[in-house]
Structures are given as C-alpha cells and as structure tokens.
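Please open the structure in your viewer and keep the selection tool at hand.

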Amino acid sequence: MTAVIYKSKYGSTKRYAEWLAEALGADLLVRESVRAERLRQYDTLIYGGGIYAGGIAGISLLKNCFPAAEGQRLAVFAVGAAPETPESRKALLSKNFTPAMAEAPLFMLRGAMDFGKMTLKDRMMMNLMKKMLDKKPEEEREEWEKNLMSLWGRASDWCDPANLQPILNWAEN
Ligand SMILES: Cc1cc2nc3c(=O)[nH]c(=O)nc-3n(C[C@H](O)[C@H](O)[C@H](O)COP(=O)(O)O)c2cc1C
C-alpha cells in the first residue's frame with residue numbers, strides 16, 4: 001500500500017499529489033492532519049511539499065518518523081517555481097534531508113506562482129528577497145535566485161501531470 005502525503009499553500013503540490021494518488025491508487029493524506037503512527041501501515045510513502053526559501057514545506061514530519069516501519073520505501077517531491085539545477089538540488093538535499101532519508105529519491109517539480117494571489121506576508125517576503133538580490137553582484141547570484149526573480153510580478157503555472165512520470169516509474173518498480 002502506498003500513501004501520498006502533501007503540504008501545499010497555493011495548490012500546486014496538492015494538484016500533483018492528487019494526480020499521483022489517482023494514478024497509483026494510493027491513499028491521499030494531508031500533512032497537517034496525518035498522525036505519524038498512521039504511516040506505519042504503508043510500505044511506500046511519497047511525500048510532497050512546496051519549496052519556501054529553500055525549505056520543503058512540512059518535511060519535519062519525515063525527520064521525526066521516517067523510517068516508520070521496517071523496509072518502508074520513501075520518495076520526496078518538492079514543488080518550486082525555479083527550474084531544477086544541480087546546485088538547487090544539492091541545496092535542497094542538504095537543507096531538508098536527514099541521514100535516515102539519504103536513500104530516498106528527491107523529485108523536483110515546477111509548480112506555479114501568482115503574485116496577485118499571494119498573502120501579504122509572502123509578498124513582503126518576496127519583496128525582501130528581491131531587495132537583497134538587487135544588492136548582490138550579478139556573478140554572485142545563484143541560478144535559482146535569478147530564475148525566481150525573472151518571474152517577478154507575473155502569474156506562471158507549470159503544473160503538468162506529465163512531470164510525474166519519473167515518480168510513477170519509481171513507485172511501480
Ligand atoms: C515566500 C515564497 C518563497 C518561495 N521560495 C521558493 C524557493 O526558495 N525556491 C523555489 O523554487 N520556489 C519558491 N517559491 C515558489 C513556490 O515554491 C511555488 O509557488 C510552489 O508552486 C508552491 O507550492 P504550493 O502552492 O503547493 O505550496 C516561493 C514562493 C513564495 C510565496
């Protein structure tokens with residue numbers, strides 16, 4: 001049995017989690033209302049969270065409870081606005097994965113970003129990030145930072161069920 005557990009603020013991780021659960025015939029669980037003990041009954045866990053300032057939303061659930069059961073398999077998908085680069089993958093792994101999760105594959109998917117729909121707090125945070133970045137010399141800016149800022153002020157949506165194919169391949173093996 002497989003569980004897809006997700007945490008999503010603006011809905012893109014939720015969309016991916018729903019598509020995935022449907023394709024796999026898996027249980028769909030919301031991070032906020034899942035109890036760690038409940039995860040024991042599954043042989044495969046797939047966790048998805050939106051990326052916020054380099055952190056995968058809700059990932060602490062796994063830090064506290066994985067491995068939940070002997071022989072349990074885990075995969076993580078992280079949904080962000082910036083496209084994947086070797087550097088962004090490395091940064092995401094080092095910030096979010098514990099040694100117990102080292103074997104788990106990390107899938108990076110592009111979600112959506114709409115400045116018009118953001119909470120005031122998130123818009124302020126994005127403004128702050130932009131101000132900091134504007135001050136950074138061009139050559140010191142990281143690839144994902146440049147990418148994020150190139151999306152400034154617009155509404156973009158990259159969610160596509162086709163992006164889930166690598167996760168489906170992993171889950172079905
Ligand atoms: C305050 C804020 C910080 C963000 N930080 C990042 C980031 O560090 N890297 C990235 O790729 N995307 C970042 N994003 C974009 C989100 O990850 C993207 O919108 C994603 O689709 C959100 O998924 P969710 O709606 O399921 O939570 C950020 C968005 C906001 C509002």
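How far apart are the mean positions of the positive and negative charges of the protein chain? Select Lys and Arg, counted as positive, and then Asp and Glu, counted as negative, with His and the chain ends left out; the mean positions of these 24 positive and 22 negative charges lie 7 Å apart, each charge being placed at NZ of Lys, CZ of Arg, CG of Asp or CD of Glu.

This is a predicted model, in which local features need pLDDT of at least 70 and side-chain atom pairs count only at pLDDT 80 or more, while totals for chains, interfaces and linings use all residues. Residues are numbered from 1 along each chain as its sequence is written, and side-chain values use heavy atoms, without hydrogens and water.

Next, show the C-alpha trace of the protein chain, which spans about 50 × 30 × 30 Å along its principal axes. Switch to a cartoon to find 6 helices and 8 strands, which are DSSP runs (H or I of at least four residues for helices, E of at least two for strands), numbered from the N terminus.

Now select Ile 5, Leu 39, Ile 56 and Val 76, the residues with the most contacts inside the largest nonpolar core, which has 24 residues. Such a core is a set of buried Ala, Val, Leu, Ile, Met, Phe, Trp, Tyr and Cys residues joined through side-chain atoms within 4.5 Å, where buried means under 20% relative accessible area with a 1.4 Å probe, protein chains only. Among the elements that give two or more residues to this core are β1 (2-7) and β3 (44-52). Apart from this core lies another, of 19 residues, including Val 4 and Leu 164.

Key: Buried means under 20% relative accessible area, exposed over 50%, partly exposed in between (1.4 Å probe, protein chains only).
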